[in-house]
Amino acid sequence: MDIKSMKNYLYWLYYQFELITCSYLMEPWEKLLFYTFNITMLVTVLYTAYIFVPVHISTAFQFFLQLFVNHHENTVSIVK
């Protein structure tokens with residue numbers, strides 16, 4: 001893919017974004033505020049996902065692992 005078509009495609013995506021969000025109707029200072037808020041929220045969500053999702057997955061994995069291992073041990077101890 002050549003550079004010119006990629007550049008045109010990115011411009012097209014940007015115009016689609018402006019149409020969907022109706023930001024093409026905004027003043028420049030409103031656009032700046034709008035984009036700053038959206039980027040801040042996106043970074044916050046990505047940071048939170050990066051920090052907390054692995055911890056929750058690890059905790060859930062340990063819980064289910066302990067649940068299955070203890071279930072097997074309890075069955076063996078009742079039989080003895």
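This report describes the overall make-up of a predicted model and then some of its residues.

## Overall architecture

The chain has 80 residues, and its secondary structure consists of 2 helices and 0 strands. Helix α1 covers residues 3-21 and helix α2 covers residues 28-79, with a loop between them.

Of the residues in the chain, 5% count as buried. The accessible surface amounts to about 7,500 Å², and carbon and sulfur atoms account for 74% of that surface.

## The annotated transmembrane region

An unreviewed UniProt entry assigns the annotation "transmembrane region" to residues 32-53. In the model, residues 32-53 are 100% helix and 0% strand.

## The loop between the helices

Two residues of the loop between α1 and α2 deserve attention. Cys22 lies in this loop and has a positive phi of about 60 degrees, although Cys22 is not a glycine. As a general rule, most residues other than glycine have a negative phi. Cys22 has a relative accessible area of 38% and is therefore partly exposed.

Ser23 is also placed in the loop between α1 and α2. Because its relative accessibility is 0%, Ser23 counts as buried. The side chain of Ser23 makes a polar contact of 3.2 Å with the side chain of Tyr35. Leaving aside residues up to four places away in sequence, Ser23 touches Glu18, Lys31, Phe34 and Tyr35.

The structure holds 1 salt bridge. The side chains of Glu18 and Lys31 form this pairing, with an N to O distance of 2.9 Å. The pair links distant parts of the chain, as Glu18 belongs to helix α1 and Lys31 to helix α2, 13 residues apart. In general, side chains of opposite charge can pair when their charged atoms come close.

Both Glu18 and Lys31 are buried. These two residues are also among the contacts of Ser23, which is itself buried.

## A nonpolar surface patch

On the surface, a nonpolar patch is formed by Met6, Tyr9, Leu10, Trp12 and Leu13. Together these residues have about 500 Å² of accessible area.

The relative accessibility of Trp12 is 46%, so Trp12 counts as partly exposed.

Terms used
Residues are numbered from 1 along each chain as its sequence is written. This is a predicted model: local features need pLDDT of at least 70, side-chain atom pairs count only at pLDDT 80 or more; totals for chains, interfaces and linings use all residues. Side-chain values use heavy atoms; hydrogens and water are left out. UniProt positions are given in the numbering used here, feature names are shortened, and annotations may be inferred rather than shown by experiment. Helices (H or I, at least four residues) and strands (E, at least two) are DSSP runs, numbered from the N terminus. Buried means under 20% relative accessible area, exposed over 50%, partly exposed in between (1.4 Å probe, protein chains only). A polar contact is a pair of N or O atoms within 3.5 Å; within protein, one must be able to donate a hydrogen and the other to accept it, and residues adjacent in sequence count only if both atoms are side-chain atoms. Contact means heavy atoms within 4.5 Å. Patches are made of residues with over 30% relative accessible area and no salt bridge: like charges are joined within 9 Å, nonpolar side chains (Val, Leu, Ile, Met, Phe, Trp, Tyr) within 5 Å. Accessible areas come from the Shrake-Rupley method with a 1.4 Å probe; for residues, only the protein chains shown count as cover. A salt bridge is a side-chain nitrogen of Lys or Arg within 4 Å of a carboxyl oxygen of Asp or Glu.
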